[in-house]
Amino acid sequence: MTLDPGTEALARLAAERVDHRFKGLPPDAEGRTVGELAAQRRNLFSDGFATPVLALSAERLEHNLALMETYTERHGLAFAPHGKTSMAPQLFRRQIEHGAWGITLAVPHQVRVARAFGTRRVFLANELVDAPALRWIAGELERDEDFRFLCYVDSVRGVELMDAALRGAGRPVDVVVELAAGKGARTGVRTEAESTAVADAVAGTETLRLVGVAGYEGEVPEADPERVHAYLRRLVALAVGFDKAGRFADLTEIVVSAGGSAWFDAVADVFAGIPELSLPVLKLLRSGAYVSHDDGRYREITPFNRVPEEGALEPAFRLWAQIVSRPSPEQAFANAGKRDAAYDLHLPFAQVIRRDGTERPATGVEVTGLSDQHTWLRTAPEADLEVGDWVGLGLSHPCTSFDKWQLIPVAEADGTVVDYIRTFF
């Protein structure tokens, strides 16, 4: 049986040789393929893995994938999770197998990674004005009739640059007008009048095709439910206005897209009220951090805290480090640092201690700082901590956790490593 190119590319990941590039893997795995190592089903704690080592929970990863699949189905949403979180084509494939419409990305390099591994639908959540990248996209659209690509436009100047780069291309590039989330927010047009000007500029080209509107409610200033809902209603009203003006002629559907990881419940609420338009509406959610979730920022802000009856995401990451110094009763140091752990939103959280095969809560142990290669720990009198102990750290912010690791073991609850996730940053 002939495999499609994306499946073949994923299969080649298993044929990659394990070597010094990959942190935390057993030294005696040198020269084996990733597939051979996975088939050995080694134990994370007793079969040669070296600290620091980041692991994903097999059970929690599957739980999170399934939960967002059922959530989006329940609310009538298409789903294009943001792939910049993991930049892991194996996870892209699993997300699509769990019902995702496609994958959201941020920059051209990420699109190239996704395409190399067979992703057929890409939503680029940025205005793309880089001429070589645009010409490459045009080539992909010409080469593969099944490839669907959309990106933001938020300025007349951007439209002009895109048009200049794409002249002579075959299929037009589909674009959505990005509406900013408010004054001082990130990208996007600030007013409806600007939105109209950008849409007019698109209509004046043969290289671009306006297919909808989009935005990111996570940038709403002083965000609260009322403000976020108000912004999303503005976004829907923009789509309605464009439709009434006949801007979506000759399409099969209208795209309305939003959704980060903090307010997707608001997106579901407002998008449920989109009125009947001249064409079917693709209500596209783009939340990405759910795939691993975390023990910090996203645990705090997940919408499932507001709607617990819908379920709960589970933190799938744990960074294992080893105590390498215990200079005083009040202080200890572990051998993981900024090169290994996310630290842009919160410091890691000491969760469990392992000694002689036994795991217990990290009572009285607190992370107070990170150096490049050390975790600073404050230890209370009740802390039972010795040099050589393993400490399991919870992390905050998935997007800056994945990017520090090229090959991440996926471990079952008993420590059996069943897979390895390759990242491309």
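Visitor: How many bridges join strand S12 to strand S16?
Guide: Five bridges join S12, residues 349–355, to S16, residues 390–394. The two strands run antiparallel. Keep in mind that this is a predicted model.

Visitor: OK. Which residue is the bridge partner of Val-352 in S16?
Guide: Gly-392 is the partner of Val-352 there.

Visitor: And how many bridges join S12 to S13?
Guide: Four. S13 covers residues 358–361, and this pair also runs antiparallel. Look for Arg-354 as well: Glu-359 in S13 stands opposite Arg-354.

Visitor: What do S12 and S13 form?
Guide: They form a hairpin, with two residues between the strands. Asp-356 sits in that turn and has a positive phi of about 55 degrees.

Visitor: New topic. How many residues are in the largest nonpolar core?
Guide: It has 126 residues. Those with the most contacts inside it are Met-68, Leu-105, Phe-149, Val-173, Val-175 and Phe-271. Helix H9 gives the most to this core, with nine residues.

Visitor: Which other core lies apart from it?
Guide: Another core, of 18 residues, lies apart. Val-352 belongs to that one, and other members include Leu-37, Leu-407 and Ala-411.

Visitor: Now holes. How many cavities of 30 Å³ or more does the structure hold?
Guide: One. The largest cavity has a volume of about 40 Å³.

Visitor: What lines the largest cavity?
Guide: Ser-261, Phe-264, Ala-289, Tyr-290, His-293, Tyr-298, Thr-302 and Leu-313 line it. The lining divides into five nonpolar residues, three polar and no charged. Phe-264, Tyr-290 and Leu-313 are in that lining, and Met-68 is in contact with those three residues.

Visitor: Last one: Gly-215. Where is Gly-215 found?
Guide: In the loop between strand S7, residues 208–214, and helix H9, residues 225–244.

Visitor: Is Gly-215 buried or exposed?
Guide: Gly-215 is buried, because its relative accessible area is 0% and buried means under 20%.

Visitor: What is Gly-215 in contact with, beyond neighbours within four places in sequence?
Guide: Its contacts include Tyr-152, Glu-178, Leu-179 and Arg-286. Tyr-231, Leu-235, Ser-257, Ala-258 and Gly-259 are on the list too.

Visitor: And how many Å apart are Gly-215 and Ala-201 in space?
Guide: They are 19 Å apart, C-alpha to C-alpha. In sequence, Gly-215 and Ala-201 are 14 residues apart.

How values were computed
Residues are numbered from 1 along each chain as its sequence is written. This is a predicted model: local features need pLDDT of at least 70, side-chain atom pairs count only at pLDDT 80 or more; totals for chains, interfaces and linings use all residues. Side-chain values use heavy atoms; hydrogens and water are left out. Buried means under 20% relative accessible area, exposed over 50%, partly exposed in between (1.4 Å probe, protein chains only). Contact means heavy atoms within 4.5 Å. On a 1 Å grid over the protein atoms alone, a cavity is a set of points where a 1.4 Å probe fits but cannot get out, and a pocket is an open set with protein on both sides within 12 Å along at least five of seven lines; lining residues have an atom within 4 Å of a point. Grid points are joined across faces, edges and corners, and a volume is the space filled by probe spheres set on the points. Ala, Val, Leu, Ile, Met, Phe, Trp, Tyr, Cys and Pro count as nonpolar, Asp, Glu, Lys and Arg as charged, and the others, Gly among them, as polar. Two strands pair if DSSP finds at least two bridges between them. A nonpolar core is a set of buried Ala, Val, Leu, Ile, Met, Phe, Trp, Tyr and Cys residues joined through side-chain atoms within 4.5 Å.
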